[in-house]
Amino acid sequence: MANVSMTVNGRAVSGQCEDRTLLVQFIRENLGLTGTHVGCDTSQCGACVVHVDGKAVKSCTMLAAQADGSEVVTIEGLSSGGELHPVQAAFREHHGLQCGFCTPGMIMSAVDMIQRHDGQLDEKTVRQELEGNICRCTGYHNIVKAVLDAASKMGEGAKVAAE
Amino acid sequence: MYATNYHRASSVEDAVKLASANDEAKYLSGGQTLLPTMKQRLAAPSDLVDLRHVSDLKGISVSGGSIRIGAATTHAEVANSAEIASACPALAHLAAHIGDPHVRHMGTIGGSIANNDPAADYPAGLMALNATIVTNKRSIGADDFFTGMFDTALEDGELIVAVEITAPLKSGYAKFPNPASRYAMTGVFVAKHGDGSVRVAVTGAGSGGVFRQSDMEQALASNFSAGALDGITVDDSDLMSDIHASSAYRANLVKVMAKRAVTAAG
């Protein structure tokens, strides 16, 4: 058994799990944070994407023990004070979802992508960057629109904040 | 996944010691192939030795034309390295097109070459760049390192520490990714070296894993242009044939990707 401690959405958590426990299982079953989804179980679909130490990773392809000592952010950690994160708001505004199963992973990937590209995104880049996230119902059109809109709003926000 | 025991190594020596304590132990680097394989119960190591926290295995250093990449350096780090982009842009391009962004945040160069997947990108790059693979025991040239499909010259418990490359004069990489998996259905890395020689390495196509295409190397050594490959016909007898592509299709892809790689090298 592994004793695992990490910071999840700003809160220090710890728990005991088997060494083979995946990070996504730990998040869902030990911590009860079920916003992070398991879609494919073969490391392809990206529904389980969370941020570990500031980087988007597939939490179904990492052991909880590997994340011991790390900072993890899940979909539940994005909004603050009851207000949606700009990417969440953009997905709602542009209807970037249908069944919603892939949405947590899509949004965590989008936040990571916007941060890495400093908000400077075009459609081609967004589509390439979404290679690790699969949506099986809406198609990607509105998802891409939502990411682009959020990127431009976050870019403006960053500029205003800098000024 | 079958039960396993997790260990976090603090140094190269510690990692080797932890791995040698158990016959069925495996090193865990980025885990982007090993963990999915374990989830499918196609691998069942009794112990996993995590290398992500071994600082000696990390980092990129470039000095003059000498490039050294620590084995636990991620694909994203290679792809985004300004030093690699200037010394060997084709290698940065290769790393930027492995898997997807999340896989690149975890997957490492050492893990990729230790696994030597016949459709992985790095084996072609390192063979064409005539890289040296440095382990905890010795240095191995890329030609000797990649010994067959999922097979390398690594002995039990031997750990890759770094990869060393002399920057080529020119290099280019082109791959035809499988539309679903993004693995190379054929990928060709072409490098023109300081001594005038050219090396052409092919991944994704050979039934024995990565290989060099010597007739292309000779043609490009005398004339480094895509047109120099026009007269070459690739023999398909040792190429893979599967649901994704026949061996004849892959043979054609080798030529098309080689020409694109030469064009990309400029």
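**Figure 1. The two domains of chain A.** In this predicted model, the centres of domain 1 and domain 2 of chain A, taken over C-alpha atoms, are separated by 21 Å. Domain 1 of chain A spans 2-77 and domain 2 of chain A spans 86-162; such bounds come from an automatic or database domain assignment. The contact takes 15 residues from domain 1 of chain A and eleven residues from domain 2 of chain A, where two residues are in contact if their C-beta atoms, placed from the backbone, lie within 7 Å. On the side of domain 1 of chain A that touches domain 2 of chain A, strand S3 (49-52) and strand S4 of chain A are the elements that give two or more residues. Strands (E, at least two residues) and helices (H or I, at least four) are DSSP runs, numbered from the N terminus. S3(A) provides the largest share of that side, three residues. Ala, Val, Leu, Ile, Met, Phe, Trp, Tyr, Cys and Pro count as nonpolar, Asp, Glu, Lys and Arg as charged, and the others, Gly among them, as polar.

Residues are numbered from 1 along each chain as its sequence is written, and chains are lettered from A and ligands numbered from 1 in the order in which they are written. Because the model is predicted, local features need pLDDT of at least 70 and side-chain atom pairs count only at pLDDT 80 or more, while totals for chains, interfaces and linings use all residues.

**Figure 2. A hairpin in chain A.** Strand S1 (residues 2-8) and S2 of chain A pair in the antiparallel sense over seven bridges; two strands pair if DSSP finds at least two bridges between them. Two residues lie between S1(A) and S2(A) in this hairpin, and Asn9(A) in the turn has a positive phi of about 50°. Met6(A) stands opposite Val13(A) in S2(A). Of the seven residues of S2(A) (residues 11-17), the number buried is zero, so S2(A) lies largely in the open. A residue is buried if 20 or more other C-beta atoms lie within 10 Å of its own, exposed if 12 or fewer, and partly exposed in between, with C-beta atoms placed from the backbone.

**Figure 3. Where chain A meets chain B.** Here 22 residues of chain A are in contact with 19 residues of chain B. Strand S4 (residues 55-58) of chain A gives the most to the side of chain A that touches chain B, with four residues. That side of chain A divides into eight nonpolar, six polar and eight charged residues.

**Figure 4. An open sheet in chain B.** Five strands of chain B form an open sheet in the order S4-S5-S10-S6-S7, with antiparallel pairing. Strand S4 (60-63) and strand S7 (139-141) of chain B are the edge strands, each pairing on one side only. S4(B) is joined to strand S5 (residues 66-70) of chain B by four bridges. The bridge partner of Ser63(B) in S5(B) is Ser66(B).

**Figure 5. Domains 2 and 3 of chain B.** The domain assignment of chain B gives domain 1 (5-49), domain 2 (59-166) and domain 3 (170-265). The C-alpha centres of domain 2 and domain 3 of chain B lie 19 Å apart. In the contact, 21 residues of domain 2 of chain B meet 26 residues of domain 3 of chain B. The largest share of the side of domain 2 of chain B that touches domain 3 of chain B, five residues, comes from helix H8 of chain B.
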